Amino acid sequence: GKNNINKRLVVKKLFARQQHEGFGAVVRRSIGRFELRYFDPFLVLDEFSVSAPAGFPDHPHRGFETVTYMLEGEILHEDCEGHKGVIREGGLQWMTAGKGIVHSEMPSSNSNGITHNKGLQLWINLSSKHKLVEPIYQEIESKDIAETEKDGVRVRIIAGEWNGVKSKICTRTPTMYLDFTLSPGSRISQSIPFHWNAFVYVLEGQGHFGDSKLQHSGAAAHHLLLLGLGGDRLEAWNSSDSGLPLRFILVGGEPIGEPMVQFGPFVMNTQEEIDQTIDDFDNFRNGFEKARHWKSQAAS
Ligand SMILES: Nc1ccc(F)c(C(=O)c2c[nH]c3ncc(Cl)cc23)c1F
Ligand SMILES: [Fe+3]
């Protein structure tokens with residue numbers, strides 16, 4: 001009908017079940033599974049949970065960006081260039097791997113036993129013109145993340161803007177990444193650029209997404225909702241009478257529209273570029289020089 005002309009509806013719903021990744025880590029992978037290999041420009045969305053000594057020991061990246069957003073606990077990261085740090089609860093690391101990074105991402109082995117470190121890691125592809133840029137980090141502590149509240153809706157702005165509040169993250173591939181918490185009975189109508197691919201990933205509670213007239217799609221935690229094209233905004237409600245807040249992320253990005261060839265943590269445009277990348281990594285060249293004599297402390 002006419003009033004759907006500008007609403008984006010849920011066209012696919014995926015439950016992200018747990019799988020093993022890294023060294024003893026557990027991830028709920030939604031984007032990046034065989035049913036949803038690539039949602040341009042998004043390569044992977046992992047909801048991870050890891051406790052020491054498990055983690056993601058030394059590994060490379062080339063040709064894309066990783067966005068790590070901690071929900072509970074913390075992750076220590078260190079790379080072969082000597083860059084290291086802690087991403088604490090509520091904090092964010094936007095890593096543009098570009099031409100190449102070798103790093104480890106390990107939970108701190110907390111003295112008082114097992115601590116569950118949970119978070120989200122989103123892999124965003126880079127266009128061919130950015131694939132070999134110098135690696136660069138943008139790191140924001142929880143207290144410095146743009147956050148605002150209105151009519152029972154709290155929003156943490158990871159990338160993009162909401163209600164005039166902007167994130168300070170500079171995105172190469174135009175991206176929005178908003179962390180919404182809706183109190184019971186509240187709702188949002190959020191604009192999304194018309195041609196962007198967009199999805200919702202539910203973190204807590206349950207809610208409805210899409211259009212009030214159509215059989216809108218209810219969804220609970222660990223579900224990914226793909227939003228169809230043909231509209232410029234998302235409507236969502238926390239209609240649950242359980243009194244629980246609804247927490248979800250809304251992520252959107254401008255499709256890159258180039259060929260994508262992925263080999264694990266390498267994402268280029270052609271198989272030849274992947275073969276070259278593997279050769280560079282094996283021979284410590286073209287951005288992987290420092291990896292030759294480097295081992296992380298956390299993972300050794
Ligand atoms: N290639 C490859 C293969 C296997 C991996 F596990 C990884 C990897 O590091 C991660 C996969 N999801 C993740 N979520 C959170 C964090 Cl902190 C790291 C990862 C990786 F890069
Ligand atoms: Fe990594």
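Guide: Let us begin with a loop: Pro53 is placed between β4 and β5. Helices (H or I, at least four residues) and strands (E, at least two) are DSSP runs, numbered from the N terminus. The model is predicted, so local features need pLDDT of at least 70 and side-chain atom pairs pLDDT 80 or more, while totals for chains, interfaces and linings use all residues. Residues are numbered from 1 along each chain as its sequence is written, chains are lettered from A and ligands numbered from 1 in the order in which they are written, and side-chain values use heavy atoms, leaving out hydrogens and water.

Visitor: What makes the peptide bond from Ala52 to Pro53 stand out?
Guide: That bond is cis, with omega near 10°. The peptide bond from Asp40 to Pro41 is cis too, with omega near 10°, and Pro41 belongs to the loop between β3 (25-29) and β4.

Visitor: How do you know which residues are around ligand 1?
Guide: A residue is near a molecule if one of its heavy atoms lies within 4 Å of it. Those around ligand 1 include Arg29, Asp46, His59, Glu105 and Trp123. β4 (42-50), β5 (56-61) and β11 (117-125) each supply at least two residues of this shell, and the largest share, three residues, comes from β5.

Visitor: What makes the pair between Asp46 and ligand 1 a polar contact?
Guide: A polar contact is a pair of N or O atoms within 3.5 Å; within protein, one must be able to donate a hydrogen and the other to accept it, and residues adjacent in sequence count only if both atoms are side-chain atoms. A polar side-chain atom of Asp46 is 2.7 Å from a nitrogen atom of ligand 1, so the pair meets the 3.5 Å cut-off. An oxygen atom of ligand 1 lies 3.1 Å from a side-chain N or O atom of His59. For Glu105, the distance from such a side-chain atom to an oxygen atom of ligand 1 is 3.5 Å.

Visitor: Why is the protein chain called as compact as a globular protein of its length?
Guide: The chain has one helix and 26 strands. Its radius of gyration is 19 Å, close to the 19 Å from the globule rule for 300 residues, so the chain is as compact as a globular protein of that length. The radius is taken over C-alpha atoms, and the rule is 2.2 Å times the number of residues to the power 0.38.
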